[in-house]
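Here is a briefing on one protein chain. Please look over the sequence and the model first, then read the points below.

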Amino acid sequence: MYKIAIVTSNISRDYDSADLFESGADRAVVSWINPLDLCGFSSNQKNLITIDNLAAQEYDALILRRLNKEGDLDFQFELLQRYEAIGNIVINSTYGLQISESKFLTNFNLSRFGLPVVPMLATQRLSLALDFASSYQEIVAKPAYADLGSGVIRISNKASAKKALIKLINHYGCIVLQPYIKSNKEDLRVFVVGDNVVGAMKRFAAKGDWRTNIFLGGRSKQVQLNQQLRDLAVKAVQIVGLDYAGVDLICENEKYYVLEVNGSPSWQQFQKTTGKNVAWEIISMALRKIRHKYSCRIFTVS
Ligand SMILES: Nc1ncnc2c1ncn2[C@@H]1O[C@H](COP(=O)(O)OP(=O)(O)O)[C@@H](O)[C@H]1O
Ligand SMILES: [Mg+2]
């Protein structure tokens, strides 16, 4: 059986990782890696990345869910990047994760490949943010790197725009701005694994809010997607370079835009809403990737 490890800071407090662990148990040897146990060694004689004293190559694939804030996040990510660069499987790929963590890079890459996106300005300067705000009736401003709806604000009143934007820039350094999309306070969350759409749900903002994040109390309902939206979601994940993702599509006047591609999506609510087994699909995809890697190796050895 192949060896798969789930990388997360605390498996007992992480629903999705525990679900992966369980889903993989009868199809692979699954273990848990605490990112604090990642270690690097380098000399003129050898270079080595170890996990819990084992050479990292002992694993056939790592599924990266969460780094551990008790240690150094940059170091943990750097080591996993290197580990992947020398030919090992990391899911999601560190390249894709880096793109998807940046709201601007995601928008930039998607638009370069012709996917419909909401215009976005990324800036560290208040004057540019104010110029942008003055060109729209209503805007949304958010941190360039954050999730769960935190720091995402809606500005409709020009008089209060300056104060709100100063506060956001001072706190986050870099922010992104977009026109507010009149989507009736709802959007679609599409779960993609590999080249397949596992399912989709419509998300509705909680009472008194306009952001649809489940974390903020948003509600959800299962929906069936047409082929065009399925293709859009799969393409978005491929462009960002992820193996699986939660893609958010927002609609105004019957036109859909890719709002976000989440590289570390949670799926507890999605699973409850759609009945789909996301962890099972992710483990199956990981096993396909491992098999593919080893079968390619047979053909390339001379
Ligand atoms: N330009 C926008 N127009 C309308 N609603 C938006 C816009 N941007 C974000 N939202 C709402 O705010 C929520 C959170 O924004 P998002 O960009 O997804 O950040 P996060 O990474 O924190 O989830 C979205 O799910 C959506 O409901
Ligand atoms: Mg979001």
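Domain bounds come from an automatic or database domain assignment. For this chain the assignment gives domain 1 (3–91), domain 2 (121–179) and domain 3 (183–282). The C-alpha centres of domain 1 and domain 2 lie 36 Å apart.

This is a predicted model, in which local features need pLDDT of at least 70, side-chain atom pairs count only at pLDDT 80 or more, and totals for chains, interfaces and linings use all residues. Residues are numbered from 1 along each chain as its sequence is written, chains are lettered from A and ligands numbered from 1 in the order in which they are written, and side-chain values use heavy atoms, with hydrogens and water left out.

**Nonpolar cores**

- A nonpolar core is a set of buried Ala, Val, Leu, Ile, Met, Phe, Trp, Tyr and Cys residues joined through side-chain atoms within 4.5 Å. Buried means under 20% relative accessible area, exposed means over 50%, and partly exposed is in between (1.4 Å probe, protein chains only).
- The largest nonpolar core has 41 residues. Leu-62, Leu-110, Val-190, Val-247, Val-258 and Val-261 touch the most other members.
- Helix α7 (residues 227–240) gives the most to this core, with 8 residues. Helices (H or I, at least four residues) and strands (E, at least two) are DSSP runs, numbered from the N terminus.
- Domain 1 (3–91) and domain 3 (183–282) both give residues to this core, so the core lies between them.
- Contact means heavy atoms within 4.5 Å. Not counting residues up to four places away in sequence, Val-247 touches Leu-188, Arg-189, Val-190, Val-192, Ala-233, Ala-236, Val-237, Val-258, Glu-260 and Val-261.

- In strand β15 (residues 244–252), 8 of the 9 residues are buried, so the strand is largely enclosed by the rest of the structure.
- Two strands pair if DSSP finds at least two bridges between them.
- Strand β12 (residues 186–193) runs antiparallel to β15, and 6 bridges join them. Leu-188 has Leu-249 in β15 as its bridge partner.
- Strand β16 (residues 255–262) is also antiparallel to β15, through 7 bridges. Here Leu-249 has Val-258 in β16 as its bridge partner.
- The hairpin of β15 and β16 has 2 residues between the strands. Asn-253 takes a positive phi near 50° there.

**The three-stranded sheet**

- An open sheet of 3 strands has the order β3-β4-β5, with antiparallel pairing.
- β3 (38–42) and β5 (54–55) stand at the edges with a single partner strand each, so one side of each is left without a neighbour in the sheet.
- Strand β4 (residues 47–51) is joined to β5 by 2 bridges.
- Thr-50 lies in β4 and stands opposite Ala-55 in β5.
- Thr-50 counts as buried, at 15% relative accessibility. Its contacts are Asp-37, Leu-38, Cys-39, Ala-55 and Ala-56, not counting residues up to four places away in sequence.

- Helix α1 (residues 15–24) has Asp-16, Ser-17, Asp-19, Leu-20, Ser-23 and Gly-24 buried. Seen down the axis of α1, these buried residues fall within an arc of 160°, so they line one face of the helix. The arc is that of the directions from the helix axis to the C-beta atoms.
- Asp-14 caps the N-terminal end of α1, with a side-chain oxygen 3.3 Å from the backbone nitrogen of Asp-16.
- In α3 (94–101), the buried residues are Thr-94, Gly-96, Leu-97, Ile-99 and Ser-100. They pack against β6 (61–64), α2 (73–85), β7, α4 (103–112), α7 and β16.

**Backbone points to check by eye**

- Ile-91 and Asn-92 are joined by a cis peptide bond, with omega about -10°. Asn-92 lies in the loop between β7 (89–91) and α3.
- Leu-148 is not a glycine, yet has a positive phi of about 60°. Leu-148 sits in the loop between β9 (139–143) and β10 (153–155) and is partly exposed, with a relative accessible area of 40%.
- Lys-185 is not a glycine either, and has a positive phi of about 55°. Lys-185 is in the loop between β11 (175–179) and β12 and is partly exposed, with a relative accessible area of 40%.

Technical notes
A polar contact is a pair of N or O atoms within 3.5 Å; within protein, one must be able to donate a hydrogen and the other to accept it, and residues adjacent in sequence count only if both atoms are side-chain atoms.
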